[in-house]
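Please read this report alongside the model.

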Amino acid sequence: MENSLGLLKIHVQRGVNLAIRDSATSDPYVVLKLGKQVKTCVVKKNVNPEWNDLLTLLVSDPNTPVKLCVYDKDTFSFDDKMGDAEFEIGPYIKALKMGLKGLPNGTIITKVQPNRQNCLAEESRIYFNNGKVVQDMVLRLRNVECGEVELQLQWVNI
């Protein structure tokens, strides 16, 4: 904890059009990794799951990307991979370091554009909300035929 910058709270909101890995559906969950690994609950029989889980990762290096992987929970065999993505937290940390306070809700601080080097499906906004700097993002999953995951980032100083 002594080399840590803070805690990154990641609200894993939902998945959209995830791949089918069972007969007609999937039982998806998300694993996030930044040093340690955390995961969401499993949503049974749903390719458009609403996880609404709040996961927390310890941040030591703002240049290390967060890795995300979606799996299909299986009872009698290994869980099937349903795609992966990663995202940079550098732009978010940079916005936090501006030390902004007292801005109106919804004030956009900066935007991150999707490109070939990131997994963003659309423009990601870093904005001020209820006294905090937050970032919304939609990640397009790689190594799979379809699927996106919606997240929101928040910061906790330690």
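The sections below start with the basis of the model and then take up each topic.

## Basis

This is a predicted model, in which local features need pLDDT of at least 70, side-chain atom pairs count only at pLDDT 80 or more, and totals for chains, interfaces and linings use all residues. Residues are numbered from 1 along each chain as its sequence is written, and side-chain values use heavy atoms, with hydrogens and water left out.

## The open sheet

Six strands form an open sheet in the order β4-β1-β10-β9-β8-β7. The pairing is antiparallel. Strands here are DSSP runs of E with at least two residues, and helices are runs of H or I with at least four, numbered from the N terminus. Two strands pair if DSSP finds at least two bridges between them. The edges are β4 (50–59) and β7 (108–112). Each has a single partner strand, so one side of each is left without a neighbour in the sheet. From one strand to the next, the twist averages 20°. Axes are lines fitted to C-alpha atoms, for helices over the stretch in contact, and angles run from 0 to 180 degrees between N-to-C directions.

Strand β1 (residues 6–16) and β10 run antiparallel, joined by nine bridges. Val-16 stands opposite Glu-148 in β10.

## Glu-150 in β10

Glu-150 belongs to strand β10 (residues 148–156). Its relative accessibility is 17%, so Glu-150 counts as buried. The cut-offs are under 20% relative accessible area for buried, over 50% for exposed, and partly exposed in between (1.4 Å probe, protein chains only).

Which residues is Glu-150 in contact with, leaving aside its neighbours within four places in sequence? They are His-11, Val-12, Gln-13, Arg-14, Val-16, Met-137 and Val-138. Contact means heavy atoms within 4.5 Å.

## Salt bridges

Side chains of opposite charge can pair when their charged atoms come close. The model has eight salt bridges, each defined as a side-chain nitrogen of Lys or Arg within 4 Å of a carboxyl oxygen of Asp or Glu. One of them joins Glu-86 and Lys-67, with the closest N and O atoms 2.9 Å apart. This pair links distant parts of the chain. Glu-86 is in strand β6 (residues 80–87) and Lys-67 in strand β5 (residues 66–72), 19 residues apart. Both are partly exposed: Glu-86 at 23% relative accessibility, Lys-67 at 42%.

Asp-84 takes part in two of the listed contacts of this kind, with Lys-81 at 3.7 Å, N to O, and with Arg-142 at 3.0 Å between the closest N and O atoms. Arg-142 lies in the loop between β9 (132–140) and β10, and Asp-84 in strand β6, so their bridge ties together parts that are 58 residues apart in sequence. Shared partners join Lys-81, Asp-84 and Arg-142 into one network of salt bridges. Asp-84 is buried at 9% relative accessibility. Lys-81 is partly exposed at 45%, and Arg-142 is partly exposed at 35%.

## Cysteines

A disulfide is a covalent bond between the sulfur atoms of two cysteines. With the cut-off set at a pair of cysteine sulfur atoms within 2.5 Å, the count is zero. Cys-69 is in no disulfide, and its nearest cysteine sulfur, that of Cys-119, is 11 Å away. At 9% relative accessibility, Cys-69 is buried.

Cys-146 counts as partly exposed, at 23% relative accessibility.
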